[in-house]
Amino acid sequence: MTELIDIIKKVQLTHSLNKQELVSILKDDSSDATLFAAANEVRKKYVGDEVHLRGLIEFSNICKCNCFYCGLRKDNASVQRYRMSVDEIISLAGKAKDYGYKTVVLQSGEDAFFDKEKMCKVISSIKALNLALTLSIGEKSYEEYKAYKDAGADRYLLRIETTDKKLYQKLHPSMSFENRINCLQNLKSLGYEVGTGCLVGLPEQSDESLADDILFFKKLGADMIGLGPFIPCPDTPLQNTQGGTFTKALKVMALTRLILPDINIPATTAMETLQQNGRILALQSGANVVMPDVTDEDCKQKYTIYPGKAGLNNTAQDYKNSIVKSIEAIGRTISQGYGFHNKNS
Ligand code: SAM
Ligand code: SF4
């Protein structure tokens with residue numbers, strides 16, 4: 001226990017840990033309260049008390065991929081598929097702006113309907129609204145990433161999911177670990193703010209592999225890290241597996257804050273789904289971003305990555321209001337800025 005406390009004190013000052021030290025913290029829950037408090041202090045010191053809200057638009061649940069963990073995978077015939085039109089996406093971004101968001105995040109399955117031309121139209125129209133724009137639409141070619149950047153996209157989220165190459169290959173048929181890394185490097189070289197992250201609690205995933213994930217985030221020089229527990233989803237190959245725990249996901253997130261003190265870290269919906277008040281606990285353990293869903297009711301219900309997603313039964317405006325209230329109740333403020341990564345470390 002004292003040894004773990006010493007490691008936590010060290011990382012709070014140096015923002016550096018080796019794999020063995022990370023593993024020792026991940027394996028032993030006896031110093032979790034100290035870990036979460038340290039991550040909270042580092043968050044306050046480097047990124048302050050402001051919470052950045054990003055409006056999430058889930059514009060298509062059609063996907064050509066077959067990721068074993070995801071409810072939207074191509075082979076899941078029980079999903080009612082939908083795809084918004086280019087105009088619908090742009091109009092929803094306008095609504096998000098009216099709700100007060102400064103950033104919108106466009107997320108979808110890997111849907112080939114949205115070719116370079118359509119995506120660039122969406123991106124440039126949203127940028128004309130003076131919003132910051134994050135894309136989370138999967139693996140694309142260098143040329144496509146470049147075209148989106150030239151059209152005005154600011155940030156890109158592409159989780160590595162797991163840095164265990166063998167496990168990655170098992171869970172992602174017809175995809176390659178090398179290409180995932182290549183995509184992240186292309187995004188970096190094109191000047192995006194790059195977000196990555198992992199799923200916590202995948203079958204066969206070890207604490208050693210989670211430690212590697214955290215070291216990978218540092219090596220990449222990520223600007224944002226979004227991570228959460230893996231939640232088993234019906235009608236997928238992993239439906240009968242155990243899934244991740246809230247505590248383990250919170251620990252990986254807190255360690256990420258300690259290692260990368262000034263980046264943006266969302267309190268993810270998966271955290272809130274597994275544990276009531278999970279979003280607030282995450283904000284008090286290192287997170288500084290929340291991404292409320294602004295997708296219309298009908299589509300939101302069909303974006304079934306995993307079951308029981310938090311916020312499904314609220315309208316976009318009600319959901320935002322209740323999140324704002326809970327953030328202010330813990331003495332934090334809502335940012336009025338775009339919330340770019342300020343490199344302070
Ligand atoms: N298709 C894009 C991609 O894969 O990057 C974006 C959409 S995808 C649904 C967004 C994220 O959802 C993935 O990066 C994955 O980590 C997460 N996800 C998928 N299935 C999940 C599950 N069962 N539990 C928790 N998160 C999940
Ligand atoms: Fe498609 Fe993304 Fe789900 Fe994989 S995680 S099946 S790419 S939506």
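This is a predicted model: local features need pLDDT of at least 70, side-chain atom pairs count only at pLDDT 80 or more; totals for chains, interfaces and linings use all residues.
Me: How many disulfides does the count come to?
Reply: A disulfide is a covalent bond between the sulfur atoms of two cysteines. Here a pair of cysteine sulfur atoms has to be within 2.5 Å to count. For Cys120, the nearest cysteine sulfur, that of Cys183, is 16 Å away. By this rule the count is zero.

Me: Is Cys120 buried or exposed?
Reply: Buried means under 20% relative accessible area. Cys120 has 19% relative accessibility, so Cys120 counts as buried.

Me: Which residues are around ligand 2?
Reply: Ligand 2 sits in the largest cavity. By class, its shell has five nonpolar, one polar and two charged residues. The residues are Cys63, Cys65, Cys67, Tyr69, Cys70, Arg73, Gly109 and Glu110.

Me: Which residue has a side-chain N or O atom 2.6 Å from an oxygen atom of ligand 1?
Reply: Among the 16 residues around ligand 1, those that come nearest include Tyr69, Glu161 and Ile231. Tyr69 has a backbone N or O atom 2.9 Å from a nitrogen atom of the ligand. Ile231 has a polar backbone atom 2.7 Å from a nitrogen atom of ligand 1. The side-chain atom at 2.6 Å from a ligand oxygen belongs to Glu161.

Terms used
Residues are numbered from 1 along each chain as its sequence is written. Chains are lettered from A and ligands numbered from 1 in the order in which they are written. Side-chain values use heavy atoms; hydrogens and water are left out. Buried means under 20% relative accessible area, exposed over 50%, partly exposed in between (1.4 Å probe, protein chains only). A residue is near a molecule or strand if one of its heavy atoms lies within 4 Å of it. On a 1 Å grid over the protein atoms alone, a cavity is a set of points where a 1.4 Å probe fits but cannot get out, and a pocket is an open set with protein on both sides within 12 Å along at least five of seven lines; lining residues have an atom within 4 Å of a point. A molecule sits in a cavity or pocket if more than half of its atoms lie within 2 Å of its grid points. Ala, Val, Leu, Ile, Met, Phe, Trp, Tyr, Cys and Pro count as nonpolar, Asp, Glu, Lys and Arg as charged, and the others, Gly among them, as polar. A polar contact is a pair of N or O atoms within 3.5 Å; within protein, one must be able to donate a hydrogen and the other to accept it, and residues adjacent in sequence count only if both atoms are side-chain atoms.
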